Every structure is written in C-alpha cells, then in structure tokens.
Amino acid sequence: MHTAFESPCLPSSGTSVKRRVAIWFRTAGLVLALGATAAQAQVATVFACEPEWAALVRVLLPQAKVHVATHARQDPHHIEARPALIAHMRSADLAVCTGAALEAGWLPMLQQRSANRKVQDGQPGMFYAADHVSLIDPKPATLNPFAGDVHPDGNPHLHADPRRIAEAAQALADRMGLLWPAQATEVAARHKDWANRWQRHVERWTHQGRVLNGQKVVAQHTSFGYLWQWLGIEMVADLEPKPGMPPTPGHLDTLRRALLATPPAAIVVVGYQDDRSARWLAQQLQGKVPLVVLPASVDDPSQPEALERWFDRLLSDLIAATGKR
Amino acid sequence: MNTQLKWWPHAAGLVILCSSLSHSALAQQDEAWGIGAVLDVAHTSKALAMGQREKGLQLGHSDISAAGPLGRSLSARFTVATHSHDGKVEAELEEAYVQTRSLPAGLQLRAGRFPSQIGYLNEQHPHADDFVERPLLYRAFLGGHWFDDGVRVNWTAPTPFYLRTGLEVFTGKQLVQEAASSSSPGAIAFSVKTGNDWGTSNSWQLGAAWVRNNREAALHEEDEEGAEGGHDHAHDHAHAHGAMFSGRDMVLLDAAWKWAPDGNNRERQLKVVGEWAKVSGINRYAQSKDVHEASSLMAVWRWSAAWEAGARMDWLKARSPHGDHFHNVRLQERSLMVAYKPTHAQTLRLQYTGQSGAEGVEGAPAKRSLQLHYVLSFGAHGAHSF
C-alpha cells in the first residue's frame with residue numbers, strides 16, 4: 001500500500017525514467033481501483049419511466065445513474081418494449097414510474113424480459129407514483145372495447161399537478177431511505193430542502209395562475225386534467241372522440257359547430273401529439289382561438305430545476321395565449 | 001385438440017409453485033389479475049395454399065386469456081384459443097404456464113405450455129401480427145406458431161445492450177404431432193436475442209435459434225404411395241398445429257429494425273423484419289441436399305396514429321418426403337396490406353396476397369386473394385413485445 005503513496009514527483013536519486021513511469025501507473029491504477037470500489041458501493045441505478053420522475057430522482061439522489069425510458073416528445077402510453085429498455089431495466093436497483101396503467105402497454109414486458117427481481121411489482125424497488133396520490137376521474141373498469149383506453153384507477157397524468165408531485169416526492173424519498181438505509185439521512189435532508197423550495201414555487205404558480213381561473217379550453221386527451229383542476233380551468237371539449245382515439249373528422253365537425261357559438265380561450269395539445277386536428281379547428285374558429293402546444297414533461301431531466309422550469313413554461317404559455325384574446 | 005401433457009413439465013411447474021407458496025402469504029393485494037379476450041374474424045376471397053384461413057367468412061385465432069401474479073415469486077398465464085375449422089369451432093389450450101420473477105442474476109424459469117421464443121414472431125400473439133396470415137416460414141415449419149409443453153430457462157445478461165440466452169425443452173408433440181420414431185425430450189430449442197437503440201429514432205434486434213427435433217414425422221399413406229396432389233389430409237393441415245415440413249435440426253435467424261422520428265412511434269414508425277430458416281435431417285432417407293428453407297421480409301409504415309400499410313415477401317423451398325425419396329416443393333407469396341386502427345382495441349385490415357412459383361404444393365395456389373380482417377380486443381391483454 002505504502003509504495004503507492006510515494007510521490008512520483010520526488011524521485012530518489014538514481015531512479016530511472018522507466019521506474020518513474022511504473023510508479024505513475026501503479027498510483028493511477030490504485031486511485032482508479034479505489035474510485036471504482038467506492039462508486040460501486042454508492043451509485044444506485046434508477047430506471048425512470050418518464051422524465052419528470054428522472055428529474056425528481058436527480059433531486060433526491062444526485063449521484064444515481066439514471067436511465068430515462070421516455071422523453072417529453074414521446075407519448076408514454078405507446079412506448080414499445082424495446083431491447084434497450086429491457087437492458088436498462090435489467091440493471092436497475094429502483095424503477096420509478098407513474099402507474100395507474102399509464103405504462104400498461106410496455107412496462108410489464110420490461111419487467112418480465114429483464115428478469116430483474118428488484119423491480120417486479122410488489123418489491124420495494126418498483127415505485128409507482130400513482131400509489132401515493134389521489135387520482136381524479138376514476139372510471140369503472142369495462143370490458144367494452146369501444147369505450148377507448150379507459151384507466152379504471154383514474155387519470156394517470158398526475159405529474160401536471162405540482163402538489164401531487166410533492167406527495168410523490170415524499171413517498172419516493174421514503175422509499176429510497178428504505179432501499180438504501182445508509183443514505184436515508186442525506187436523502188431526507190435533500191428532500192426537505194427541495195420540498196421547502198417547491199412549496200414556495202407552488203404558491204407562486206398558484207398566484208400567477210389566478211388569471212386562468214374559470215377559463216375554458218379545448219384539449220386533446222386528458223393529459224393536463226390535473227393542471228386544469230389545480231388552476232380552475234374548465235376543459236369544455238376533447239378533440240378525442242374516445243379516450244386514446246385520434247380525432248376523427250366527424251367529431252371535429254361537431255366540435256366546430258358547438259364552439260363557433262362559444263369559443264374557448266385556447267386549444268391545447270401536447271408536444272408529442274399530431275397537432276393537425278387542433279390547427280384545423282383553430283382555423284375554423286376564424287383564428288380567434290389560439291393554439292397552445294404544451295410540453296408533456298420536463299425537457300431535459302439532467303438539468304437543475306428541470307421540474308420548476310417546466311411548470312414556469314406551462315404557466316407562462318397558458319397565460320400568454322389566453323391573454324392575447 | 002391435444003391436451004395430453006407429459007408429466008415432466010408439470011412436475012417442474014409444481015416444484016416452482018411449491019417453492020413459492022411460502023412467500024405467497026406476503027404478496028400484496030394491489031396486483032390484480034387481468035382477463036381479456038380477442039375476437040378475430042376474416043373474410044377470404046380465395047384460400048391461400050398452405051394458408052390458415054378458409055374461403056369465406058371465418059373465425060380466426062380468437063382467444064380468452066388470464067394473467068397475473070401468483071405470490072411474489074411467480075406469475076402465470078392461461079390462454080384458450082378458438083378458431084373455426086370446417087364449419088366447427090375448435091378450442092385449444094395454448095398457454096398455461098407459471099414463471100418465476102424472483103430468481104437472482106437475471107435468471108428466469110418457466111414451466112407448462114407456452115410458445116417457444118424462437119424467431120421474431122413465434123412468441124407474439126397472432127392478433128398482434130401485421131398481416132392476415134403468418135409468413136410461409138411459420139406456416140410451413142412451425143404450424144403457424146409453435147407452442148408446446150415444456151420448461152424454459154432464460155438468462156438476461158447485465159450488459160448495457162439487451163442480451164438474452166435461453167434454453168427450452170419441450171415434448172415436441174405440437175411440432176411433430178405424429179412421430180414415426182422419437183426420443184425424449186422431443187424438442188430442444190436454444191436461442192439468443194440481442195438488441196439496442198441507435199440514437200433516439202432507431203432500434204434494432206437480432207435473434208438466432210437452433211431447434212433439435214427428436215421426433216421424426218410419420219409418413220401418411222398417400223405419401224408412402226408417392227401419390228401427388230389430392231391429398232385427403234390437406235384439410236388436417238389447414239389448421240393443425242404442427243409443422244408441415246419438419247426435420248431434425250432447424251436454424252432460425254431474425255432481424256428487426258424500427259425507425260420512428262424522435263422515438264415517437266405512436267405517430268410514425270417504419271418497421272422492417274426479416275427472418276430465415278433452414279431445416280435439415282428431414283427423415284432417415286434424407287441426404288444433405290434434402291433441406292427445407294424459407295425466408296420472409298416485411299416492411300410496415302405507420303403514417304399516423306390510426307393508419308398503417310405494409311408489404312411482405314415470402315419464399316419457401318422444401319423437400320416433401322414420399323416413401324424413400326423426396327419431391328420438390330416451391331412457393332412464393334407477396335402480400336400488401338393497409339390497416340386502420342381507430343383505437344388500441346380494434347384493427348380493420350385489407351390485404352391482397354398473390355402466390356406464384358408453386359410446385360408440389362397441396363391445394364391450388366391463390367394467384368390473387370383479398371382478405372378483410374377485423375380484430376377486436378376486450379379487457380386487459382398483455383403488453384406487446386418489440
């Protein structure tokens with residue numbers, strides 16, 4: 001051990017260049033080895049189904065290696081169980097997902113194919129945010145195939161409500177403490193710090209959003225159902241004729257006729273949706289109704305304050321659009 | 001309908017089941033069983049040679065499926081499939097298996113009746129297919145899709161890309177239903193799958209499999225006499241699971257590439273899949289030149305959330321046993337389809353298929369066939385594979 005700490009910069013007299021190089025290599029090797037051991041002991045690998053949870057993981061456990069399954073420009077209902085995602089799931093110590101059947105089309109396949117026992121349902125390494133918050137709009141489970149993509153537990157897009165994000169963050173911090181007791185104190189401290197700041201942001205956004213209270217919007221899918229509820233916005237029509245069903249010409253025409261009499265404050269689509277139907281409708285309403293394309297989630301979860309900036313953007317885009325009228 | 005099961009897949013299942021019973025009391029109640037059903041109906045203007053759908057309106061591969069956890073360590077799935085055949089509706093147990101989900105190091109065991117994981121399509125439920133009929137390769141060598149009674153052990157490697165190896169040991173009775181001679185186990189399948197993403201828009205998967213089949217197919221009487229055409233058993237083949245052309249060894253390679261702008265596959269996606277298989281050791285009289293070979297190449301383009309169109313080319317070369325000698329079998333198939341998927345639960349598909357280059361094929365090849373296909377799913381059905 002001691003030889004490794006011999007300073008290579010102060011060679012004893014008569015040391016050949018060869019020997020100096022050898023010492024250099026030994027020192028570097030030891031440092032690398034120690035570093036790798038320390039990293040293995042500390043770095044957890046986390047699989048995040050959606051970027052908002054990746055951002056939250058980075059707040060609570062910044063040293064974690066995070067794999068994000070989706071980005072804000074993808075529809076999280078319709079992800080495929082790609083080989084790359086199975087490989088990421090295989091290496092995960094913790095998987096953080098929304099739940100409420102949002103990922104029903106792909107997550108079970110990842111769990112099965114990864115054969116990773118840590119992230120199976122019922123294990124502490126499988127965290128569903130929806131298990132820790134109340135969901136709006138639960139629907140009775142139906143076998144009717146014509147009812148659209150019904151989520152019996154309720155609307156799964158809960159991340160658009162910052163208060164529910166806070167509830168999920170609390171539960172996630174607790175879960176991390178359970179999984180990694182050695183780091184529980186640090187995680188709890190980081191969470192407390194974040195939660196205080198987040199609370200002030202929520203108050204600010206709620207204050208800013210008061211101008212949106214009572215506004216009527218038309219949206220495609222209930223992706224922002226929680227945002228509407230939080231800000232007191234009324235979603236008067238859905239471009240989708242049935243949940244999960246792309247807009248049809250007949251349905252759009254019905255909407256056009258109804259909305260000509262009572263135009264909404266805005267037509268809102270999500271970044272990953274095809275906005276042609278919304279553009280057509282906006283045009284049909286004589287250009288009086290602005291079209292707003294909102295990002296579905298945080299843009300880059302590796303950036304600091306990614307969640308805060310996403311909510312800032314949602315608020316400012318909505319206020320700017322509705323203020324134009 | 002063959003529900004006669006050999007004892008050893010059951011014994012293995014029982015061992016897995018018993019080993020987990022002690023844990024089942026701890027299981028959480030938040031994991032529910034999902035039950036679903038699929039209705040598949042097609043109208044066919046002219047039945048395809050070696051096809052699995054008869055002329056006219058017909059019930060296709062429809063099923064009722066239940067899947068869910070058995071305690072913390074296991075999951076299970078049961079599927080009963082029905083289809084109409086000669087005006088009768090036939091039912092068949094297609095899946096009944098238990099699978100581990102608590103083994104360490106990426107290991108996984110499965111026992112019971114289940115589809116083999118060879119090839120790109122075999123493990124996929126037929127209702128998720130992009131075309132009305134399975135590729136010729138599957139219809140000729142695997143009875144459409146090969147499920148059997150047996151056990152599986154899989155290992156998923158802890159690599160930054162996907163790498164899975166697996167060994168399946170089957171009775172082989174669903175691959176070769178009537179055997180002239182056999183040894184146990186009836187069939188062994190070894191397979192490897194690998195894949196990864198390439199940027200945000202591309203993903204790929206490669207698979208290789210080798211199947212050792214220890215059941216030599218029995219020759220039918222007509223075959224023994226060397227009669228050509230007009231085989232009475234052509235009908236039995238129309239829907240029977242089990243290979244039309246079998247042999248001792250099968251090698252199966254598959255490759256899939258998908259491209260979706262920015263990874264948003266719901267709105268736009270190109271999918272290209274190629275598969276190739278070679279079967280050798282047809283029977284005791286076969287020489288090295290007596291091999292079966294089939295390949296399939298398909299491309300499907302989704303241009304909006306509800307619309308897809310695709311094309312597929314299929315080639316088959318086989319050696320049909322007649323007593324101690326073999327006759328050439330040749331068939332080519334070209335398919336074009338367009339599909340409308342208004343919701344996740346419904347698919348309406350129109351397909352044009354042309355067969356050509358037929359030689360030694362049972363039943364007349366369909367120069368032109370139009371098929372209208374409707375798939376409706378009720379309730380929960382399993383997540384789809386890549």
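A nonpolar core is defined here as a set of buried Ala, Val, Leu, Ile, Met, Phe, Trp, Tyr and Cys residues joined through C-beta atoms within 7 Å; a residue counts as buried if 20 or more other C-beta atoms, placed from the backbone, lie within 10 Å of its own. The model is predicted, with local features requiring pLDDT of at least 70 and side-chain atom pairs pLDDT 80 or more, whereas totals for chains, interfaces and linings use all residues. Residues are numbered from 1 along each chain as its sequence is written, with chains lettered from A and ligands numbered from 1 in the order in which they are written.

The largest nonpolar core comprises 137 residues, and A:A48, A:V57, A:A95, A:V96, B:A140 and B:F141 have the most contacts inside it. At least three residues of this core come from each of domain 2 (45-206) and domain 3 (211-323) of chain A. Another core, of five residues, lies apart from it and includes B:A42, B:F131, B:V132 and B:M337. Contact between two residues requires their C-beta atoms, placed from the backbone, to lie within 7 Å. Residues up to four places away in sequence being excluded, A:A48 touches A:W53, A:A54, A:V57, A:V66, A:H67, A:V68, A:A69 and A:V96.

Domain bounds were taken from an automatic or database domain assignment, which for chain A gives domain 1 (2-42), domain 2 (45-206) and domain 3 (211-323). The C-alpha centres of domains 2 and 3 of chain A are separated by 24 Å. Their contact involves 31 residues from domain 2 of chain A and 26 residues from domain 3 of chain A. On the side of domain 2 of chain A that touches domain 3 of chain A, α2(A) supplies the largest share, six residues.

Helices are DSSP runs (H or I, at least four residues), as are strands (E, at least two), numbered from the N terminus. Buried residues in α5(A) include A:I165, A:A168, A:L172 and A:M176. Among the elements of chain A covering the buried residues of α5(A) are β3 (94-97), α6 (184-208) and α10 (306-323).

The contact between the chains takes 47 residues from chain B and 38 residues from chain A. β17(B) gives the most to the chain B side, with four residues.

Methods
A residue is buried if 20 or more other C-beta atoms lie within 10 Å of its own, exposed if 12 or fewer, and partly exposed in between; C-beta atoms are placed from the backbone.
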